[in-house]
Amino acid sequence: AIVNIAESAATSLLNSMTPDQVAAHLASLKPSLHGLRASTIRKKVTPLLKKVRKSHKDAWIFAEPVDPKKLDLPDYFEVITKPMDLGTIEKRLVAGYDAMAHFARDVRLVFDNAIKYNGAASEVGKIAAQMLDLFEREYASLVQAVEKENDAAHLGGADALAAVAATKAPSASADHGHHQHQHRRSASDRDAAGADEVCILCGSSALLPFEQRVYRCNGAACNFAKIGRNKTYFTDKHNQYHWCQRCYDKLKPDEVLEDIADAVVRKEDLVMKKNDEKPVEAWVECTTCQQWVHQICALFNGRVNKSHDTPYHCPHCVARHRVALQRRLHDHPAAKQARTATIAAEPSSPTAVSPTDGAAAPPNTTDDAVLLAMPPRPLGAKDIAHTSLSRFIEARVTKALEAAVARDAETHAKGGALTTPRPSTAADDADAAPPRIFVRQVTNLEQVHQVRPKMCAAYPSYPTEFPARSKCVLLFQEIDGVDLILFGMYLYEYGHDAPNPNQRRVYVSYLDSVNYFRPRKHRTMVYHEMLVAYLADVKQRGFHTAHIWSCPPQKGDDYVFFCHPKDQQTPDEDRLRRWYVEILEKARDEGIVTRIANLWEEHFATGDASAAAVPYFEGDYWPGEAETVLKDLEKEKEDLEAGLGGPKKSKKLTLSKAKKRKPSTKKKQHDGGGAVAGTTTANGADAADEDDDAGDDDDDDAAAASSTHAAAAADGTPAQTKKHKPAGDALVARVAEKLHHMRDNFIVAYLQPRTFAAMMARRADEQGTSTDATDETRDADDVILSDFFDTRQNFLNLCQGNHYQFDDLRRAKHTSMMALYHVHNPEVPKFSTVCGACQSDVHPGATSWLSEKDRAFALCDACYRAGKARVFHAKQPFAKATVGKEVDDAGSADEGLLTKALERATGGDGSGASSHGGGLAGAAALFGGSGAGAQPSTDGARHLQPAPYGGASAPRGPPRAEGGGP
């Protein structure tokens, strides 16, 4: 039976990849050294560390931290920015390294620092080089030994099962040109063997858990605090709003809680649930060999798995049938005759021929040739149309990367390597050409950002709105044949038509990244260059200032990418600020930035400062804090008039305790800026304590954790007219007190001389609203709309609702593949309806059965007719519906309400979600069920997902999730 590769290319990206790309992807699925326990790492590397420490009689000089005062080295910390010593490494081993590579990084840092400060020719430099050479040799041997142990531990896994799969494949039939659909095992067969089945691609039999969802309480007392794991909560039938037990108890029976889909919600309408869902990865069965694989390992696209006859062929079967087809074409009599004729024509120069060289396709092998042809690849990153901005940034980043690689090659050619070459991997091989990168702009929106009411009331002449362009720019890199999303930034541009104080300014609302860039040594440079290139572009277009609020993310927060790699560290406040300053200093060296300052010095330090002169960016710290302070001032004034006393002393604000505010639901208002998440130095790991669960009496401050923000501010603040400045601006004075201790975090980068801003302001006044007015800042690119990327919240909700995660490379590949699928197929719904019993996708137009008590729970038609509704007593009764429609209480169908309810449940429309992006409001059953069992699906290519009830295939205890949270 010959596999028709083309017919299954749509279900798996692997089947449209080259053999080399498939091999690279499968190799990346092998057990990683990153997965070792801290105790295992300690056991493996401690003997090596002891050997290094005893390798030289003067090794003691590296045993303790360098004391610059004692050794009279006043410039030491100017030269060495990351000190390290062997004693510190020993202490870190006791605390626990999470990867062997991190241990190796620290050891190398010890000796690299010594060589850097003392020089390679110095006595200390020579000792460091000798000890580093020894370490590199011994560490390379240790890595090989550990990898062999991992391979041995997984023997009988991927490789062995691939061989088994080959023996189970049916033999070729005479009708080799026709694909024969193989008989699939029944659900009961898979249930019986499910716990023992092993993924033939990664060799794991585990039910791999996804990151658990975050629900936030809508109660007034909690103000969007997280509902703790295994805690009871109450939700409406759409699973859109949630109340913890404490807030639920405070609700009044007749109180109208929310207005959802033209229906009121009262306390009696709420359903009690437990926050204990444990979603795990789905499986899919190969149509040919009937072996099971993780859908993520297979780069399987479940959205095209629409019918019982949808085929899926694993890469082992595809490779085996390619070889069989090549052999058949090579051995065909017509092919042999053609090769013989060629050799006879040139007997003096025989050449080796490949299976198809010199062979005209015989008439009866045409089908084979078609089957052998590589099917077209699904549309990827390079197929997204360029804009002028993306083309400019891509050109600059590519040029910088090529220059860095050329410098490496030149250094290597000159013998610049001082030590034994370090073992390289695909991620950091310095000799390999870096995979191609793509920069694309996926949104370009015209928006109007509204000024908040109290600001308008306090300053009547202040603008009521600011027109802006909102943009999202992504960096992709082709890794193992997959266009991987690595870096993203959301940007606001306030052009020439925006009134002051925002005129000709840009604001970087969000930055986020993951650490999979290759080669790793150039990752920081490339991520820096993304922002430098953007600043260069807006400078050319006549913008004059850029502001950045440097604030690291808090634990549990995601900004753009859902669930960062565990080994990606979150920086502290100082480190993140230095990261931004390094970028801006680089831009200043290139003449892009003229001066670097901070917002406090520019607008709050002087006694005559006016609030009307402070840039007002949507989602930034200033607009929200200004509204809060104005409210406090009003209250204090009322208290004074009522004789209740004077103003209270304002509390010192810290970013980790800043008040969180509900997101605006105005139609034209963007979801705002958020804290700078990832960069090469900034994202991925947890940054704050997790004791902020809703419902804990001792945790009232938990709800006050504010969304952190990254903004980019522009340069040049034009003078304001006196009519905007009230006498003794109390608002500025009050906010200045709060900002003073964190003033360095609000960075202002000037792109033009100060006189430029004033000159442009005068020109704007002179030209007025004339249609002939000159506006260099006007965007020449067309508006780009995307339901998936218009706001960072939209993309975050898409990922959360579909378990698209970035916590390991295999998941990041699958997530990127699916994100590109959505970009190129915008008509596909963001979320698929998932059967609560078999966990298969129920596609638009198909029949489903909705729970009347929990509209976020549905059964597919097959499960309902099989009587599985009886298992879900709490969900009964069920009403028949069509996906894309919802049956109302009267039995009629309202077009599109099911999809809309689902989007509301995940905050997909921007409402009902926290400003963190952690406000995923639910649809647990629709997105993976709430239990731990496993059931196969017979809808199209068979696949497994967690079932919400136990049964014959109760899973083994799930392993600890690989992802460490945002």
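In this predicted model, proline 519 lies in the loop that runs between β12 (505-513) and α17 (523-540). The peptide bond that leads from arginine 518 into proline 519 is cis, with omega near -5°. A cis bond also joins glutamine 876 to proline 877, here with omega near 5°. Proline 877 is placed in the loop between α25 (861-865) and β21 (878-882).

Asparagine 230 is not a glycine, yet its phi is positive, at about 65°. This asparagine 230 sits between β1 (226-227) and β2 (232-235), and its relative accessibility of 48% makes it partly exposed. Glutamine 290, in the loop between β7 (283-285) and β8 (292-294), also has a positive phi, near 60°.

An open sheet is formed by 7 strands in the order β9-β10-β11-β12-β13-β16-β14, with mixed pairing. Because β9 (437-450) and β14 (595-598) stand at the edges and each have a single partner strand, one side of each is left without a neighbour in the sheet. On average, neighbouring strands are turned by 25° against each other, direction ignored. Within the sheet, β10 (residues 465-479) and β11 (residues 482-494) are paired in the antiparallel sense over 11 bridges. In this pairing, glutamine 477 is opposite leucine 484 of β11. Helix α18 (residues 573-589) packs on the sheet and touches β12, β13 (545-549), β14 and β16. The direction of α18 makes about 5° with that of β16.

The largest nonpolar core contains 101 residues, and the residues with the most contacts inside it are Ile393, Met489, Tyr534 and Phe795. Helix α17 gives the most to this core, with 10 residues. A second, separate core has 36 residues, among them Ala468, Leu739, Met742 and Phe746. Leaving aside residues up to four places away in sequence, methionine 489 touches Ile393, Lys471, Cys472, Val473, Tyr510, Leu511, Met530, Leu531 and Tyr534.

Helix α21 (residues 730-739) is largely enclosed by the rest of the structure, since 7 of its 10 residues are buried. The buried residues of α21 are Leu731, Val732, Arg734, Val735, Ala736, Lys738 and Leu739. Their cover includes α16 (453-458), α19 (599-603), α20 (621-641) and β16 (746-750). The N-terminal end of α21 is capped by aspartate 729, which has a side-chain oxygen 3.2 Å from the backbone nitrogen of leucine 731.

Threonine 791 is located in the loop between α22 (754-767) and α23 (792-802). With a relative accessible area of 13%, threonine 791 is under the 20% limit and is therefore buried. The side chain of threonine 791 reaches the backbone nitrogen of asparagine 794 at 3.0 Å.

The average pLDDT is 74, and 67% of the residues score at least 70. Over residues 155-195, pLDDT stays under 50, and the model has 75 contacts beyond four places in sequence for this stretch. Where pLDDT is low, predicted coordinates should not be read in detail.

Terms used:
Residues are numbered from 1 along each chain as its sequence is written. This is a predicted model: local features need pLDDT of at least 70, side-chain atom pairs count only at pLDDT 80 or more; totals for chains, interfaces and linings use all residues. Side-chain values use heavy atoms; hydrogens and water are left out. Helices (H or I, at least four residues) and strands (E, at least two) are DSSP runs, numbered from the N terminus. Buried means under 20% relative accessible area, exposed over 50%, partly exposed in between (1.4 Å probe, protein chains only). A polar contact is a pair of N or O atoms within 3.5 Å; within protein, one must be able to donate a hydrogen and the other to accept it, and residues adjacent in sequence count only if both atoms are side-chain atoms. Contact means heavy atoms within 4.5 Å. pLDDT is the predictor's confidence in each residue, from 0 to 100. A nonpolar core is a set of buried Ala, Val, Leu, Ile, Met, Phe, Trp, Tyr and Cys residues joined through side-chain atoms within 4.5 Å. Two strands pair if DSSP finds at least two bridges between them. Axes are lines fitted to C-alpha atoms, for helices over the stretch in contact, and angles run from 0 to 180 degrees between N-to-C directions.
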